[in-house]
Each structure stands twice: as structure tokens, then as C-alpha cells.
Amino acid sequence: MSIESDSSPSAGDQLCDHLRTLGPQGLEQLLAERRDALTEPRPRTLSEIAERLLRPGSVQRAATQLLTLPCVEVAEALAALPTPCPLPLLASMLGVPLEPAKPADDSGAALEQALGRLSALGLVWARVAAPGEPDSLIMAEALRELWTSPLELRHRLVGFETVVEHLRGEDLAAALTTLGLTAKDDESEQRAVLLAHHRDGQRVRDLVAQAPSSAQELLKQLRRYNSTSYSSLSLSSVGQEGQDWAAERALLSSKDRPVSSGTFSFYGERDPQLPAEVLIALRGPEPAAPFHPRPPQIPLTAVTGQQLAEATSAAAVTFLAQAATVLLECVRQPPALLKDGGIGTRELTRITKASACTPAAVRLILECAHAAGLLGYDGQQRILATTAYDAWTAREPAGQYAQLALAWCTMRFTPTRTTPIATRYGADRDAPDGPIPALASRVACDGCLATRIALLDSAAALGPQEALDTTDDLLGAFADLLAWHRPRARFCTCTERYSYSGERDRDHEKAALAPLVREAELLGVLVRSTLSPLAEALRHHHAEPTLQEAELAACAQQVLPPLAETARLHTGPDVTAIVDGVSSPRLTALLDQLADLAVRHPASLWHITPASLRRALDTGHTVDELLDTLRGIAGTAVLPEQLTDLVRDAADAHGRVRLTTPASLLHSTDTALIAEIAASGRLAPLSLRVLAPTVLTSPLTGDAVLTALRDAGYAPVHEQHDGAIRLERPAPDRHPLLPAPRTAEPAPDAPDLAHLAEVLLSPATDQTVPRLSPTEQVLARDAQHLDPPALRRLAHAIDNAQETAIAYAPGRGQPLTHTIHSLELDPPYLYAWTDDDDEVSTFHLSHIRDVDAEAQA
């Protein structure tokens, strides 16, 4: 069995053949895990599926989000090995025994499992060979290109079997003689003897141990990098002597050709290299490539379902209470923005003190609320609650939690990472000084999203009712889990600016994971060092957002305590209403009308004061209605006497003074009260004048007079011209929601993957030629460089007013990727807005090379 690159034009066809071998169930599983192949426009044929699976962006996402460490190590070894490459060569590279005489060990089963996983994801697959030829595996070229220098090798390896094929006549005989090998005059047998010698690692190591120092120095350099470029050997006589010794023994190659002695060309196409078998022998007896078939051994402890449910409930209730308190403070006093955008340290400190939350919790709540559309910019350097905030407050707590948690799970940045992390190369000189403001404009980072999902996936591997038993080094345990279960998702551009290879920096990994773990614990996604019941819905990151939110809300409904429908009323110096747990939206709305909220967590507390009762009376409630409402809140027929007296006193004082406009006249039947108001020093700014014992007038507006009287402790009402009292129901200061993006048709339903797999694999689908839409027919006349799938994607973006990306090359240079939107077709031109320009750009259809182009890893 051998490994072969998919650089041939038939790579898509070969992948189609592999997809057919998976069967309906296997194809359904592949599509469920690689859902980016099902984006609009929906693929109609198996060839379209194969084309999307081979795209660099799709391959990179699969490698980041789906591959464990053994799969990544096998893929990197395949990227370094020659094409074609026998399976025994891959096994020997990884140090996995495949001899039939040896019993299969864990590493052999792990290698088979890793290849099976790569095959199930459409990244590596088998190809049936012609009669008489060995079977081979095909590796997606985009997966191979994820490593520019696999295993730190500057050149990919060449199989010695290929090199020895180019040894003929005297060169072949001389190599056998130098090595002391004997064979018949038949060149085939001579090659077999030489091949058997070089495949014996111990014999090659014994040979090199007797080599002169110049040859050993050269082979040491090649063993590590498979190249002599940028080394002192490339231009020295020592390098020439070592090369001659190794070349006489057929230990060197240049591409797929042997290197002859007497030649000296270390640079360019003829840079000497080691054949794969020789490099494996020289790196022995340890494996030439790393392979870790077993997950790390981390101490675990048992945790019961009841313990998880209780911890999850407590964390979720606390987060919801903190979110309500922080957002209410934003409603009471909208945060001011910095000149450069974002909420600065001063405003964050004010909100933190007012809400009694931690700074990390405040940042997390603000970012989640903004991502969920509950907060928005008003264009005047302020953050206002939107109309969606009112809808959020009216939802059940489970729905409130699901909306915020889902916003966190889909963020393309880490909210509580306030300062850049110093990498192994030192601090980032381009990083801003000081902490990053909250709600500041950040560059979207897909790596942050991938790392967040990878953290949840890695923790899910612990198993049911198992938790990490590492209270002293929880971050280190999570770093070890992530390094094995999702090694390519450990870092992103936010935490590791430069790519690297070599040993792990565990301290750096812990620093990168710290804010993610803290956020998950604040949300109740991680509790007691393991995943909570809420995390399962968040891990379904490929599901439709509405379906995922409904699933998450259902999970939250099960762990959150029952909603409180009554409150405990306490009398003393103050009259208060206390709600233990999560109050229902109905109870919250009633208490907000009658009282002032003081504390939202861990229990909610409202103060019932004359001012709060006056506000309720201003809305049109009578004293009897208020008393009935309070009895319903308390769940009792008898209210405390102090509370009853407080309500009746507030009702007696309410409306004793009345104001009419436009003259701002104050009148009352209580002449003593009118005299008291006229003589009050606090009301001197109103310039009150006595017109009669029961009438006062002021030159100020009615609203100004009402405010001044209420601040002085009176309870006036606003009387209309017909003598009726004007009810006051102030509209909240809300920012309107932004309009939804314009689309020509509603979003499609989630596909039935089982049915789709059967349709794609049916023979009728392959024989049916899809008809081109009118837009596709117009595009096909001028966009000669686009294949049918690319034509279909561009036509779909035009017809549905959607954003897309194109690779555009107006000249002979390399294509540039442009993200475009608001497309307008006028053949042979395409007019669109780009993210880089503030005006419409013009693109000629004949210069578009690809559509929905994605940057390679």
C-alpha cells in the first residue's frame, strides 16, 4: 500500500469513488462533521461535494476542529514521505511494528484507527490499484500543504526504491563493492540486495558509525533537516569529502536521482538529500517521527449527576442574576465610549462597583449582550439597550441563558482576554498599551472560535461523570487534554503570532487557555473540573442557530431551579421584597412597577418606598389594585401593617397637588399645602406666585415643575385640560435593532443528511446533468475561468444579495482575494462593494479565477 498526492487532475474523481465506498451511513457521518461542504448553494452532485471537501479552507477547518494528535502526526508523516510510499515505510517512520510475527500492539491499532479516521473525513482515502500493482492511499493536497517543512525537513523525502531504479551498470556495481555486498550480474537482483541493505536500519547505523568525521557531520545535518542549505557544509571542502563518501555508498539522492561522487552542488535543484529509508535508519533506533497513540494520563475523580446538576444550576443562576444587574445598570446610566471606541477602565469600574460583579464577569456579560443584540451604539458615544433587551427581559430564564451563552460560543474573539499574551518569542511590540476596552472593535479570529470549541470537545472526552482531579493545576490538565485531542486548535493569531515547531511550552498554553476556562466557568459550562449538562448543546456548533438555541434552552430548563412566583416581604426600617432563586418574568415585571431593585444576586431584593409607589400610582393604579398586587406577590391574604400603611399614605399624598398647562398652574383644595409649597426655599427656582389661596403659578414648563416638586418630596400629578389626570408611562431609552440583511428568499431549512446521502449516491444523480440557472447561463459566456461549481456559487451570491469572495487576476500576476457584497451584474462586468474601498469596484468576469476563495493554512 502506498501514499500518493492528489495533485493529479483526477483527484476529485478519485475522492468521488471513495465517497461511494462509504455507503449512505458513512457519507451521512462525513457530511455531519464537515458541514461546510453543505453551504448555499446546496451541492447537487457528488462531484460538487468532493470539490468542496478538497478546498484549502475546508481541509484546514477539518484538521483544526476534528483531528486528534495521532491523526495529525500520521498526516504530518505522510506529508514528509515520498509519493508513492509503502505502508510499511509509514509504519517504520512512526515506529509502529507491522510484522505478521509480532502480535498487534496499541500503536498498530492506533495507526489503523488514525488512518480510518482520516479516511472517514475525506482527507486520506484508498484507491483500488490495477491488477499486479499495490494498493495506494491518496492524501488531500491541501492537507499536505498545511506543513511547509513537515518533521522540520526542508525537502520531502524520496523512497530509496525510486532512487535505486536510477542506479545502473558500473555505478550500481561500485556501490555494492564499496559496501561489501555480493550479488549476481542481474541488475534487478543487485538492486534488491542494495535495497535490503539500506532498509536494515541497524546495518546503516553501523556503516555510518565507521564513516569519517566529514561524512558523519554531513549526515548529521541531513538527518535533521534533509538539506545542507544555510549551513557551513555547503561551501566547504569538508562537505565535499563527506558527500563523496556517502555518495559512493548510495546514501544520498537529489530529488529522485542518486548523487554521484565528485560532484559538488549543495544549492538549488541538486541539493543532496537522504532517501526516506536512510533517514529513518539514521534517526533510529527511536522513531523518526513522533507518534503518541495514547491520550495523556491525567488524574480523574468521579462526580455524580446530582453534583453536576447542583453546580450547574448555581453557576447558571448566578450568571443570569449578574447579567440582569449589569444590563440594568447600563439602562440606568448608559456607558460612555472612549474617543477611539469601546468602554474604558473608568466606566467598567463604575459598572463593576454598581453591580457587585467581578471585572471578568462584567466584560463577559457586556460582550455577550452586545453580540446577542441587547446592546448597541447610539452614534453619540454611548451604549444603549436595544428593543431586543426588552424582549430578553420578558423571556423565561432558560431562554435568557441560551441567548447569551450561544452568543459567547459563536464569538470570534475571547471577551476576557484584556492584554496580549507574551509568546515564546517575547512580547508583541505592536500590541496596544494597557487593557483592551470592552466592546472595542476587534479583528475576527476564527482561531479563537476553534479553540473554544476544541476546549469543549477535549473536556467531553473525559467521559460521563468523570472530572479532572487536579485542583492545583487545572489549566495544565486542560492544556494536556487539548494538546492531544485537538492539537491544531491550541493556538490562534491572538495567542501565538509566529508558527513554531519543537517542544511544547506548557506555561504559554496555560496562559492562553486561562481566559477561556474562566469564561466557561462563569457561564456554568465547566463545573467541578468537567463539562456541565449545558455544554452538550454548545458543542453542536454546526447546528442551525435557532435549533441550537432551542436545544440549549431545553437543557437550561432542566438544570435551572423552578421559577419563583412569590416574594418574601420584610418590614423594619425599610419595606423590602426578597426573591430567592430566579424570579419569573411576571413577578419581575410586577416588582419593577412597585419597587426599586437593589440587589439581583445571589437573591433579588427590591425596596418598596413612597417614590416607587408614586410611580405605580402615576401609571393609573388605584390603592386597592396596589394592595391586591402585593397580596399576589406575597402569596398571602394579609399584608404587614407597615406595608399597608405605606401604600395608603402614598395614595393619600398622590394627586393632592395638581398642575395644569400651559400656564403651569398648581392648584389644590388643601390651602395649607399650597402655602407650604409657596414658602419652601427648595422650590425658589420655580418662581412660584400665589394667585389665590388654592392656586400657584410658575413661568417654567410643566415637566420642570413636576420634577422639582417630586425632588422636594411631594407627589403632584399632571392634570389635562379636561380635568383628567395624565397617566405617565415613560418609554424606555432604547436603540432600535439594525435591520436584518436583505435576502431574496428565506433561509433554507437544515438538510436531512440521511436523505441527502442516499440521493447523492444514487446512480440517477450521476447521470443527471444539472440545468444552469438564467444567471449561470449569463455568467458562463464571459467567466471562462470558472468551473460549474464556481459559476453556481457566484450566481447564488448575485441572486440572493449575499457576500462572497473571489480570486481576481486582471493581469499575469497572482490572483488577489476580494470579499465583495451588493453585487450587480452587467455583462461582461460585475459591480460590487469591497471591504477595502469606499466605492463600487468593477470586476471583469473573464478575470475572475475562483469564487468563495479561501486562504490556505
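Val575, Ala577 and Val579 point one way from strand S13, whereas Thr576 and Ile578 point the other way, and all are buried (under 20% relative accessible area, with a 1.4 Å probe and protein chains only). The model is predicted, with local features needing pLDDT of at least 70, side-chain atom pairs counting only at pLDDT 80 or more, and totals for chains, interfaces and linings using all residues. Residues are numbered from 1 along each chain as its sequence is written, and side-chain values use heavy atoms, with hydrogens and water left out.

**Strand S13 and its partners**

- Because five of the five residues of S13 (residues 575-579) are buried, this strand is largely enclosed by the rest of the structure; strands are DSSP runs of E with at least two residues, numbered from the N terminus.
- S12 (residues 568-570) and S13 run antiparallel and are joined by three bridges; strands pair if DSSP finds at least two bridges between them.
- Arg568 has Ile578 of S13 as its bridge partner, and a hairpin of four residues connects S12 to S13.
- S13 is also antiparallel to S15 (residues 604-608), through five bridges, and Thr576 has His607 of S15 as its bridge partner.

Key. Buried < 20%, exposed > 50% of the residue type's maximum accessible area, 1.4 Å probe, protein only.
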